[in-house]
Amino acid sequence: ENSDAILERVKEYCRERMTEAVYDFYIKDLKVTGVTRYMTITLVVRNKFTLAVVSDRYGKMLEEAFEAVLGTAVHLQFETALEAEGKNERS
């Protein structure tokens, strides 16, 4: 399964456990930008405010969702879209 398909299943897990408004604002637009062999998954959020809220309030749920989908524990990292864009320009 590719990372997009896995992320869609993770999003569905979260959608079932939160209000639609919260899901739409914080989770719906998450993107995976990296996965390491040690199961560190990097997720992109729109800005620093969203990064703070998602990592503090929803990070644990997202880790549980990835674990449920993948069958193994993961470590999540978050970065803003601007940070991700900067990395892409440098590579």
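Colleague: What should I know about the model before we start?
Modeller: It is predicted, so local features need pLDDT of at least 70 and side-chain atom pairs count only at pLDDT 80 or more, while totals for chains, interfaces and linings use all residues. Residues are numbered from 1 along each chain as its sequence is written, and side-chain values use heavy atoms, with hydrogens and water left out.

Colleague: At what angle do helix 1 and helix 3 pack?
Modeller: Helix 1 (residues 3–15) and helix 3 (residues 48–70) pack at about 125°, and their axes are 9 Å apart. Helices are DSSP runs of H or I with at least four residues, strands are runs of E with at least two, and both are numbered from the N terminus. Axes are lines fitted to C-alpha atoms, for helices over the stretch in contact, and angles run from 0 to 180 degrees between N-to-C directions.

Colleague: What does that make helix 1 relative to helix 3?
Modeller: Helix 1 is oblique to helix 3. Angles under 35 degrees count as roughly parallel, over 145 as roughly antiparallel, 65 to 115 as roughly perpendicular, and the rest as oblique.

Colleague: Which residues make that contact?
Modeller: Helix 1 contributes I6, L7, R9, V10, Y13 and C14, and helix 3 contributes M61, L62, E64, A65, F66, A68, V69 and L70. Contact means heavy atoms within 4.5 Å.

Colleague: How do they divide by class?
Modeller: There are 12 nonpolar, no polar and 2 charged residues. Ala, Val, Leu, Ile, Met, Phe, Trp, Tyr, Cys and Pro count as nonpolar, Asp, Glu, Lys and Arg as charged, and the others, Gly among them, as polar.

Colleague: And where does helix 1 meet helix 2?
Modeller: K11, C14 and R15 of helix 1 meet E20, Y23, D24 and I27 of helix 2. This contact has 3 nonpolar, no polar and 4 charged residues. The axes of helix 1 and helix 2 (residues 20–27) come within 10 Å and cross at roughly 145°.

Colleague: Is Y23 buried or exposed?
Modeller: Y23 is buried, with a relative accessible area of 4%. Buried means under 20%, exposed over 50%, and partly exposed in between (1.4 Å probe, protein chains only).

Colleague: What does Y23 touch?
Modeller: Apart from neighbours within four places in sequence, Y23 is in contact with K11, R15, M18 and K28. The C-alpha atoms of Y23 and K11 are separated by 8.4 Å.

Colleague: Changing topic, how many aromatic pairs are there?
Modeller: The structure holds 2. The rings of F25 and Y26 form an edge-to-face pair, with centres 4.8 Å apart and planes at 80°. Those of Y26 and Y58 form a tilted pair, with centres 5.7 Å apart and planes at 35°. Rings of Phe, Tyr and Trp (its six-membered ring) pair if their centres lie within 6.5 Å; planes under 30 degrees apart count as stacked, over 60 as edge-to-face and the rest as tilted.

Colleague: Where do Y26 and Y58 lie?
Modeller: Y26 is in helix 2 and Y58 in helix 3, 32 residues apart.
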